[in-house]
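Subject: Structure for you to look at

Hello,

Here is the structure I promised to pass on. Please open it alongside this message, and my notes will follow below.

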Amino acid sequence: MSTSATPAVHLVRGDITDQSVDVIVNAANSSLLGGGGVDGAIHRRGGPEILAACRDLRASRYGKGLPTGQAVATTAGRLDARWIVHTVGPVFSSAQDRSALLASCYRQSLRLAAGLGAKSIAFPAISTGIYGWPMDDGARIAVRTVLAERAQPVQEVRFVLFDAHAYVEFEEVLALRG
Ligand code: ADP
């Protein structure tokens with residue numbers, strides 16, 4: 001059994017808004033005012049309290065929007081979680097390597113969750129939808145970054161994958177890491 005402070009990593013196929021965890025991570029956009037994909041699903045099911053909290057953050061701290069690679073926490077509204085951590089993934093570019101920004105999303109979200117005292121956190125595959133990141137590379141960055149963090153008191157990191165393709169890619173990366 002591992003004695004390190006690295007959290008256990010689990011894969012789940014499904015909808016992130018169905019998860020019961022301390023923190024649900026939202027693949028937000030920098031406006032923090034909602035969008036499609038995971039963002040749309042979280043605001044739809046979480047209710048207006050989350051959007052109101054995001055509006056407050058825009059007014060108080062992020063007038064120009066939340067920068068790419070950063071993370072911020074709000075209430076989880078009606079979702080079965082204590083907090084939503086909103087993070088802004090980079091749009092994929094074949095001309096420019098933006099993987100450090102994608103890694104930053106996972107790292108900053110995890111650190112924020114740990115600072116809040118969360119024991120469990122659910123991540124979607126950030127940037128792999130509307131933002132166009134290839135799933136195999138997105139999975140590698142996600143798993144590698146999470147496994148490199150000491151995340152106490154976070155004990156469980158759950159990647160919630162929406163479709164079979166995403167699940168298989170994450171499974172492959174995790175298997176390689178043993
Ligand atoms: P981004 O703009 O960061 O690419 P998206 O929300 O478009 O974010 O997609 C990120 C990933 O989340 C994609 O792989 C997409 O299939 C997946 N996804 C979309 N809706 C959900 C959901 N309700 N739960 C979990 N994953 C989802």
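Predicted model: local features only at pLDDT ≥ 70, side-chain atom pairs only at ≥ 80, totals over all residues.

Six strands make up an open sheet of mixed pairing, ordered S1-S6-S5-S2-S4-S3. Strand S1 (8–13) and strand S3 (71–75) are the edge strands, each pairing on one side only. From one strand to the next, the twist averages 25 degrees. Inside the sheet, strand S2 (residues 23–28) and strand S5 (residues 120–123) are parallel partners, with two bridges between them. If you want a landmark there, isoleucine 24 stands opposite alanine 122 in S5.

Helix H5 (residues 164–177) lies across S1 and S6, and runs at about 160 degrees to S1.

**The cores**

In soluble globular proteins, nonpolar side chains tend to be buried together. In this model, the largest nonpolar core has 35 residues. Ile121, Phe123, Val157, Phe159 and Phe170 have the most contacts inside this core. Two or more residues each come from S1, S2, strand S4 (83–88), helix H3 (99–116), S5, H4, S6 and H5. Helix H3 gives the largest share, seven residues.

Leaving aside neighbours within four places in sequence, phenylalanine 170 is in contact with Leu11, Ala125, Met135, Ala139, Ala142, Val143, Phe159 and Leu161.

**The ligand site**

Around the ligand there are 16 residues, and the closest are Val38, Ser127, Thr128, Gly129 and Ile130. Which atoms of the protein come up to the ligand's oxygen and nitrogen atoms? A polar side-chain atom of aspartate 15 lies 2.9 Å from a ligand nitrogen. For isoleucine 130, a backbone N or O atom is 2.8 Å from an oxygen atom of the ligand. Tyrosine 131 has a polar backbone atom 3.0 Å from a ligand oxygen.

**Backbone details**

Serine 127, one of the closest residues to the ligand, is found in the loop between S5 and H4. Although serine 127 is not a glycine, its phi is positive, at about 75 degrees. Serine 127 counts as buried because its relative accessibility is 5%, and the cut-off for buried is under 20%.

Leucine 32 also has a positive phi, near 60 degrees, in a residue other than glycine. Leucine 32 sits in the loop between S2 and helix H1 (37–46), and is buried with a relative accessible area of 2%.

Then there is a cis peptide bond, with omega about 10 degrees, joining glutamine 152 and proline 153. Proline 153 lies in the loop between H4 and S6.

**Serine 104**

Last, a residue in helix H3: serine 104. Is serine 104 buried or exposed? Serine 104 is buried, with a relative accessible area of 14%. Not counting residues up to four places away in sequence, serine 104 touches Gly69 and Ser109. Lysine 64 is 40 residues from serine 104 along the chain, and their C-alpha atoms are separated by 19 Å.

Enjoy looking around!

Best wishes

Technical notes:
Residues numbered from 1 in each chain as written. Heavy atoms only, no water. Pairing = 2+ DSSP bridges. Helix = DSSP H or I, 4+ residues; strand = E, 2+ residues; numbered from the N terminus. Axes fitted to C-alpha atoms, helices over the stretch in contact; angles between N-to-C directions. Contact = heavy atoms within 4.5 Å. Core = buried A, V, L, I, M, F, W, Y, C linked by side-chain atoms within 4.5 Å. Buried < 20%, exposed > 50% of the residue type's maximum accessible area, 1.4 Å probe, protein only. Near = heavy atom within 4 Å. Polar contact = N/O pair within 3.5 Å; in protein donor to acceptor, adjacent residues only side chain to side chain.
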